[in-house]
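My entries follow in the order I made them.

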Amino acid sequence: MEKHSLATDWDALVALTTMQISVIQLENGETRIRQEFPAEEVVESAAARIRPILLNGDTCFYQKALGAVGYFCRELPLDTQWVKATRTEWQVRVDPSTPQEAGYWVMISDTVTGEDQSLDRHKLATAWIYGDVVHHDMKRRQEGDAFGLFERFRGAVPLVAWAMVGTIELLNYIRALHKDGVLQLRQEVLDEPVALESTTWEHSGELFYAPVGTEAPTTASTPPPQDWARLGKATDLSRFPSFMARLPWASSPVVTT
């Protein structure tokens, strides 16, 4: 979570967990209520990352991690208190049991049919996350359909942001417990890369080719089979119409798929 672009500005991320509303009174007496959010695509990628943290059936479910921390801190009163308070706060913010706990709810009325509908922020949020973004859950999607995409998205932003904040704070707590010796974690657990620093792939090596149907190499440590040839300056590149390469000895780049 802390590697996501939304987390680069911590104060801005925390602000997204609350209802930041601007009220503008126009000269004609009209009142405009305004909220601004990050680009939907940015929130979508964050929602995809937090999905396993929100689902109690997944191994890295937040409450499972918090429960494990609580077990190792069971003899430490202050840490036990923090775990309990954090569990309660997560429950209220991420899995509220009532519409009132959800923060707000939206009510709409169809002037043609006279039908009234209402849905709380949390259900709107889960309709966007699981209906629009990651699962295409038809039940949740249909439940929030009448309220429109923006209402579903508007409900989801605080949930996604809060889940990110809670997850990063728990990670930092685990780091502190590890530093103090309460948790004894393998260092590679903390050092393992979780996000790409660069998306340019470049390696030094040799390229080999063979006719379609030729026996493929069986391991990475053995030489290619006999019918495989090394790609070099003398190779006729016109034989590879679908090969994308930018070779220093080629007169022009070769198109590939």
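**Entry 1: Arg 154**

I began with Arg 154, which is buried at a relative accessible area of 16%. I call a residue buried under 20% relative accessible area, exposed over 50%, and partly exposed in between, with a 1.4 Å probe and protein chains only. The model is predicted: I take local features only at pLDDT of at least 70 and side-chain atom pairs only at pLDDT 80 or more, while totals for chains, interfaces and linings use all residues. Residues are numbered from 1 along each chain as its sequence is written, and side-chain values use heavy atoms, with hydrogens and water left out.

Which residue does Arg 154 form a salt bridge with? The partner is Glu 151, and the closest N and O atoms are 3.1 Å apart. My salt bridge rule asks for a side-chain nitrogen of Lys or Arg within 4 Å of a carboxyl oxygen of Asp or Glu. Both residues lie in helix α7, 3 residues apart, about one turn of the helix. Helices here are DSSP runs (H or I, at least four residues), strands are runs of E (at least two), and numbering starts from the N terminus. Glu 151 is partly exposed, with a relative accessible area of 22%.

**Entry 2: other salt bridges**

I counted 11 salt bridges by this rule.

- Arg 32 pairs with Glu 30, with the closest N and O atoms 3.2 Å apart. Arg 32 is partly exposed at 47% relative accessibility. Glu 30 is also partly exposed, at 33%.
- Arg 140 and Asp 137 meet through their side chains at 3.4 Å, N to O. Arg 140 is partly exposed at 32%. Asp 137 is partly exposed at 25%.
- Asp 132, Arg 141, Asp 145 and Arg 152 are linked in a network of salt bridges.

**Entry 3: α5 against α7**

Next I looked up how α5 packs on α7. Helix α5 covers residues 121-133 and helix α7 covers residues 148-179. They pack at an angle of about 100°, with axes 7 Å apart. Therefore α5 is roughly perpendicular to α7. The axes are lines fitted to C-alpha atoms, for helices over the stretch in contact, and angles run from 0 to 180 degrees between N-to-C directions. Angles under 35 degrees count as roughly parallel, over 145 as roughly antiparallel, 65 to 115 as roughly perpendicular and the rest as oblique.

I then listed who meets whom; contact means heavy atoms within 4.5 Å. From α5 the list includes Leu 124, Trp 128, Ile 129 and Asp 132. From α7 it includes Glu 151, Arg 152, Phe 153, Pro 158 and Leu 159. The residues of this contact divide into 11 nonpolar, 2 polar and 4 charged.

**Entry 4: Thr 167**

Thr 167 is found in helix α7. Is Thr 167 buried or exposed? Thr 167 counts as buried, at 16% relative accessibility. Its side chain reaches the backbone oxygen of Ala 163 at 2.6 Å. Leaving out residues up to four places away in sequence, Thr 167 touches Met 1, Ile 53, Tyr 62 and Trp 90.

**Entry 5: His 4**

His 4 sits in the segment before α1 (10-16). His 4 is buried, with a relative accessible area of 4%. Its side chain makes a polar contact with the side chain of Ser 45 at 2.6 Å. A polar contact is a pair of N or O atoms within 3.5 Å; within protein, one must be able to donate a hydrogen and the other to accept it, and residues adjacent in sequence count only if both atoms are side-chain atoms. The backbone oxygen of Val 42 lies 3.5 Å from a polar atom of the His 4 side chain. Not counting residues up to four places away in sequence, His 4 touches residues including Ala 46, Arg 49 and Met 164.

**Entry 6: two loop residues**

Asp 110 lies in the loop between β3 (105-109) and β4 (116-120). Asp 110 is partly exposed at 34%. Its side chain reaches the backbone nitrogen of Thr 113 at 3.2 Å.

His 136 lies in the loop between α5 and α6 (138-145). His 136 has a positive phi of about 55°, although it is not a glycine. I found His 136 exposed, with a relative accessible area of 54%.

Note on methods: Ala, Val, Leu, Ile, Met, Phe, Trp, Tyr, Cys and Pro count as nonpolar, Asp, Glu, Lys and Arg as charged, and the others, Gly among them, as polar.
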